[in-house]
Amino acid sequence: MATNRLFNLVTEAMEAESRFNRLEARGTLRIALKTSGLDADTIEPDQMRVVLERILPKELAARGIDAPEALCDRLVQVVRSADQGGAFTRSDAPEDVFRRTRSA
Amino acid sequence: MQILALVVACSTVVLGFVLAARLLRLAARSHKAPELAMGVYCLLVTIGAVLYFYCLAANARSAQLPAWVLWLSDVSTLLVGLAAFALAVGIWQIFHAGRRWAVVAVVGVGLWIAVGWIASVSPGRLVRLGDFTAANAFFLAGRVAVYGFGAFEAFRYARKLRRRAALGLGDPVAAHQIGLWGGAWVCVALVGVCSFAITGLVGPEAFEHSLAPLLVSGLNAAAWVCTWLSFFPPAAYQRWVARGASEVPA
């Protein structure tokens, strides 16, 4: 499964669980990812969980969503269940190149 | 001063060969394209620099250059152009692997550099880094575009990694390494741009005095030191970077 499917999965769940439409859900998650220094097309499950737990609640609250922590907990569960069995493959990130050279 | 510039130049050649050997050895083990491209870059640019210095020395000894020295000059500039192309491949493989626009950009800049090289060597005379000609400007601009884009991508990604590090997701040492890598390309771009600008403003005789060669050698040395620290930072340096990152408030 490509990593950007993770982004689609979370935004679809956000759309279903809140009053956000597709554009609002995707835009809000993109802002949270950008704040965290992450990209929608390379995001990994562990990174997504941290963003959902630590960054997204503030973004949701700023947009008038009630009980943002509860919504984010449900989104974390969606990521956990989708990630079982290593469903999301990880590609070589730029930092992996520099980690390889420094440990060579 | 000129002896100092010569010592710096020789040290950078040694450092270039050592980096090339280490990166190519790593590429042989990992079978990954980024370290292969960067190892090829270091090897080509270092051989190109050795040939370039030899041609300059031959030119200083005799006004009438034999044909084989001119041929060596063409080879040295070809190697520098190929090195810039290898770097473009490295940037694509490190930051944009799998993206179609990046393939088109690499092919495009490769053609740009190739046309620039042919235009530079076709007059049949010694090609200097700072030759103030339209052909050399075109050849240099292709290379500077690659160095500039490499620096831009590196600084952009290092900034992202520092933001991730604040959340406990990023590797602060890798962020520092990538930032240094970007710094190396700024220095390499400045070597070409300064040589060209000094020749244009003052004339080629500026390189017969001490200040211009020292400036260019200094920038070149800074580029190689940044490249070395970005790929193979010593353990103590890594500890110093990690300690500095942990002291930065999240």
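Guide: Let me start with the lining of the largest pocket: α1 (2-30), α2 (33-61), α3 (67-95), α5 (134-166), α6 (172-201) and α7 (211-231) of chain B each supply at least two residues. Helices here are DSSP runs of H or I with at least four residues, strands are runs of E with at least two, and both are numbered from the N terminus. This is a predicted model, where local features need pLDDT of at least 70, side-chain atom pairs count only at pLDDT 80 or more, and totals for chains, interfaces and linings use all residues. Residues are numbered from 1 along each chain as its sequence is written, chains are lettered from A and ligands numbered from 1 in the order in which they are written, and side-chain values use heavy atoms, with hydrogens and water left out.

Visitor: What makes the largest pocket a pocket, and how much space lies in it?
Guide: On a 1 Å grid over the protein atoms alone, a pocket is an open set of points with protein on both sides within 12 Å along at least five of seven lines, whereas a cavity is a set where a 1.4 Å probe fits but cannot get out. The volume is the space filled by probe spheres set on the points, which are joined across faces, edges and corners. By that rule, about 1,400 Å³ lies in the largest pocket. Its lining has 49 residues, and those closest to the centre are B:Tyr52, B:Phe53, B:Leu56, B:Leu129 and B:Val216; a lining residue has an atom within 4 Å of a point.

Visitor: Which helix gives the most to that lining, and how do its residues divide into nonpolar, polar and charged?
Guide: α2(B) gives the most, with 11 residues. Ala, Val, Leu, Ile, Met, Phe, Trp, Tyr, Cys and Pro count as nonpolar, Asp, Glu, Lys and Arg as charged, and the others, Gly among them, as polar. On that scheme the lining divides into 29 nonpolar, 15 polar and 5 charged residues.

Visitor: What about the second largest pocket: how much space lies there?
Guide: About 690 Å³. Of its 30 lining residues, A:Asp41, A:Thr42, A:Ser91, A:Ala93 and A:Pro94 are the closest to the centre. Here α5(B) gives the most, with 5 residues, and the lining divides into 10 nonpolar, 7 polar and 13 charged.

Visitor: Why are B:Arg99 and A:Asp41 called a salt bridge?
Guide: The term asks for a side-chain nitrogen of Lys or Arg within 4 Å of a carboxyl oxygen of Asp or Glu. The closest N and O atoms of B:Arg99 and A:Asp41 are 2.5 Å apart, so the pair qualifies. B:Arg164 and A:Glu95, at 3.4 Å, also form a salt bridge. Between chain A and chain B the count is 6, and over all chains the structure holds 13.

Visitor: How do you know how much area chain A and chain B bury between them?
Guide: Buried area is the accessible area (1.4 Å probe) that two parts lose on being put together, summed over both. For these chains that comes to about 2,300 Å², 58% of it on carbon and sulfur atoms. In chain A, the residues losing the most are A:Phe98, A:Thr101 and A:Arg102, together 30% of what that side buries.

Visitor: And how many residues does the contact take from each chain?
Guide: With contact meaning heavy atoms within 4.5 Å, chain A gives 23 residues and chain B gives 30.
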